[in-house]
Amino acid sequence: MSGGRQGREPGRHGGRPAARRPGGADRHRTGGGRAGSGGGGGGRGRAGGGSPAPTGPKATTVELTFLPGLADVLAAEVAEALAPAKPPVAVAGRDDALVLRHTGPLADVLRLRTAVAAFVSLHFDVPRPKSLTSGDHLARIVAAVYDSLRAGGSSSFRFEAAGSDSAAFARLAEGIRAATGLQHDEKDGQLVVRVRRGTGGTSRTVDPGWDVLVRVGPRPLSARTWRVADYPGAVNATIAAAMVRLGGVAPTDRVLNLMCGSGTLLVERLLAAPAAAAVGVDNAADALAAAAANLDAASLTRRVTLVEADALTAPVDGGPFDVVYADPPWGTLHGSHSTAADVHAGLLRAAHRVTADGGTLVVLTHEITVMERCLREADALWTPRDTVRVFAKGHHPRVYVLSKR
Ligand SMILES: C[S@@+](CC[C@H](N)C(=O)[O-])C[C@H]1O[C@@H](n2cnc3c(N)ncnc32)[C@H](O)[C@@H]1O
């Protein structure tokens, strides 16, 4: 397979997105420049009463959260999966949220794999949360809760808001409970209702109002139901899904995951599309047991071969591979900083041996300095095609997308 795994060929998706940059030229086109306004069947113009104008199919304002660094990858996935009339734009002042107008079934957003969570986003021109129970505001919030419940059921709800223990929130909770039958459980509630200051306002003299965000589904999108076996150092599933997209996806691909751990990358790759072959290699039996359990929970067991072996030295059957993934050990988990240079250099050599001509290696690593040095030394083996820096739980790993020379 020759180079150009950029998601432009028929039957292939993923690769580096061509979508406009969130927060770019389109940023001020929605809702008069207020990202996150309207939604749930009622645009910002409805706040405060009045009948909605008949405007064709119901459009919902959806806010998607993601790990900082993955905005472009998510925007490309949104364009592909939801095909909105306009690309998503950044939520003002945030590096971890996009907003879009969605006209299809709300359940469609549950298919997104690089988003952390999806919310129906409502804006209210009110001075304080106390006012959210008045006028038609509560009815709009309840409608958004029903939209969420139709997309993915919950039996209870909780607030994420400053002052959520106040009397104003108690009233709002009682209003939602009475209208929906959902239990208000501030500790373990499934459906999250976020209430925050409006994000769109820039003028200090204009009150920014309040946003209410009703999460779609009982859990974040990033909490995968297939993850039945926890494994220390397992990669975040939305990062794994982003790596899969960045490497490009075709159903004819033979894919390999070196140092596969609990199989996150294999599961995310095979949920994105079938593959002609899928192999995972790890030298730890407990890692492979976790991978087998996760693959089984995702009903993917029969499509993957797991091999216990040293990924740096052992030959791998089933190649050559079109796409190879790896996230080598980092910190004190399964390795140490002192061995990082050998591991990264060995990985670049090992992956080169088993990758098809023009094939792709996607590496997630926390050892940036080490990786940069190893890449310079492996200049004859790999051409860097793309680099994405991700922010996750205080760590700043990078995804390297490399083409085999
Ligand atoms: C960061 S973890 C991978 C996590 C995995 N992506 C997941 O989501 O669970 C690194 C893995 O590399 C494995 N490993 C370390 N050195 C190895 C080697 N020389 N050969 C094969 N596997 C190795 C460890 O056993 C560990 O499972």
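Hi everyone, let's start at the ligand: 21 residues surround the ligand, and the closest are Ala 234, Met 259, Gly 261, Ser 262 and Thr 264. Being near here is defined by a C-beta atom, placed from the backbone, within 6 Å of the molecule. Two elements give two or more residues to this shell, helix H5 (264-272) and strand S10 (277-282). Helices (H or I, at least four residues) and strands (E, at least two) are DSSP runs, numbered from the N terminus.

Before I go on, this is a predicted model: local features need pLDDT of at least 70, side-chain atom pairs count only at pLDDT 80 or more, and totals for chains, interfaces and linings use all residues. Residues are numbered from 1 along each chain as its sequence is written.

What classes make up the shell around the ligand? There are 11 nonpolar, 7 polar and 3 charged residues. Nonpolar covers Ala, Val, Leu, Ile, Met, Phe, Trp, Tyr, Cys and Pro; charged covers Asp, Glu, Lys and Arg; the others, Gly among them, are polar.

Now please find helix H7 (residues 340-354) and helix H8 (residues 368-377), whose axes come within 9 Å and cross at roughly 40°. The axes are lines fitted to C-alpha atoms over the stretch in contact, with angles from 0 to 180 degrees between N-to-C directions. H7 and H8 are therefore oblique to each other, as angles under 35 degrees count as roughly parallel, over 145 as roughly antiparallel, 65 to 115 as roughly perpendicular and the rest as oblique.

Finally, Arg 94 sits in the loop between strand S2 (89-90) and strand S3 (97-102).
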